[in-house]
Amino acid sequence: MQVLSRLFFTLLVLCAGGILYFLLCPRLCSSLCWLSCQPQEGMEDRLAQRFKIAHFEGYISVPDGKPLAQVPCRQCAVVSSSGQMLGSRSGKEIDAKECVLRMNQAPTRGYEEDVGSRSTLRVVSHTSIPLLLRNQNSFFKPPCNTTYIIWGPSRVMNREKVGMVYRNLAKMKEMYPALRLYTLTEQMMSHCDDLFQLETGKNRLKSGSYLSTGWFTMVLAMELCEQIFVFGMVNENHCKDKNQPSVPYHYFEKGRLDECRMYQAHERAARGGHRFITEKAIFSRWAKKRNIIFTHPSWSNG
């Protein structure tokens, strides 16, 4: 009899609690019932506000053109593709950051100890799309938690005239519907050119140079991140030191191109070169104004 009385009392309390929930929830909208008491219309906007999702207008999705929606990151790791990463054992430190930004086709598999395994965003040059497509299993197949940001000139990225690269991106999205795929707007591309001219006094096109994927990654990181840790990027004076050991241009292409030789050849090129050394001088100036820390190697004495 005592057991039945306890059971009856428990059921009574549960029923009373349920009634109070439905009566009070719409009025109080407490944290426990916040979602259930919201009108369905405009739910996405309220979710975005609650979880502080920001919209980055310079990056639009394929194919519907919606701006990048992303929770801003307190700490970001920007991981260089440089051979400087080899032997750095930075993997755990990189993966511990809230967001991890990588570039082009730089792999993580087999290099986890040095470069980590997580990828939040991957900034990709239009010229590297074929290299990603050759290894779709690693980059695109589910589960894919990486957001891809593709940059390139209007002639190949144009949506209205369907440029060659944009056509490939649209096909990728059809093959992998869950893929988070974005391109830079023409306005953002122009903004990146304007930044280069502001910092150097030179018009990028007239100077015969191309911005690097590292440039676009740093611009995105400064929008997205409160604090940026850059891994594996050398400073502007690094290659002046003849005693520096030779490292490959890319950590995943051992024994091919030497990093410093590549940087110096591009810096001297009359047309069509990346200004890697000039860009690093600019990054150094940005670091004095923004919370940017260069590590492995450190720029403290750069």
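# A walk through the sheet, its helices and the core

Start with I60: in β2, its bridge partner is P67. Before you go on, know that this is a predicted model, where local features need pLDDT of at least 70, side-chain atom pairs count only at pLDDT 80 or more, and totals for chains, interfaces and linings use all residues. Residues are numbered from 1 along each chain as its sequence is written, and side-chain values use heavy atoms, with hydrogens and water left out.

**Stop 1: the hairpin**

Select β1 and β2, which pair in the antiparallel sense over 4 bridges. Strands here are DSSP runs (E, at least two residues) and helices are DSSP runs too (H or I, at least four), numbered from the N terminus. Two strands pair if DSSP finds at least two bridges between them. Now click on G65: in this hairpin, with 5 residues between the strands, G65 takes a positive phi near 75°.

**Stop 2: the whole sheet**

Zoom out and follow the open sheet of 9 strands in the order β2-β1-β7-β6-β5-β4-β3-β9-β11, with mixed pairing. From one strand to the next, the twist averages 30°.

Next, pick out β1 (residues 54–61) and β7 (residues 180–184): they run antiparallel, joined by 3 bridges. Find Y59 and look across to L184 in β7, which stands opposite.

**Stop 3: S61**

Stay in strand β1 and select S61. Is S61 buried or exposed? S61 is buried, with a relative accessible area of 8%. The cut-offs are under 20% for buried and over 50% for exposed, with partly exposed in between (1.4 Å probe, protein chains only). Leaving aside neighbours within four places in sequence, S61 is in contact with K66, R159, L181 and Y182. Contact means heavy atoms within 4.5 Å.

**Stop 4: a helix across the strands**

Show helix α9 (residues 186–200), which lies across β1, β6 (147–151) and β7, running at about 55° to β7. For angles like this one, axes are lines fitted to C-alpha atoms, for helices over the stretch in contact, and angles run from 0 to 180 degrees between N-to-C directions.

To see the contact, select L195, E199 and T200 of α9 with T278, I282, R285 and W286 of α12.

**Stop 5: α11 and α12**

Keep α12 (residues 276–289) on screen and bring in helix α11 (residues 259–268): they pack at an angle of about 95°, with their axes 7 Å apart. So α11 is roughly perpendicular to α12. Here Y263, Q264, H266 and E267 in α11 meet F276, I277, T278 and K280 in α12.

**Stop 6: the core**

Which residues have the most contacts inside the largest nonpolar core? Select Y59, I149, W215 and W286, in a core of 39 residues. A nonpolar core is a set of buried Ala, Val, Leu, Ile, Met, Phe, Trp, Tyr and Cys residues joined through side-chain atoms within 4.5 Å. Helix α10 (residues 213–224) gives the most to this core, with 8 residues.

Finish on W215: leaving aside neighbours within four places in sequence, W215 is in contact with C192, L195, F196, E279, I282, F283 and W286. Apart from this core lies another, of 17 residues, among them V124, L132, I150 and L181.

Definitions and conventions: Parallel < 35°, antiparallel > 145°, perpendicular 65-115°, else oblique.
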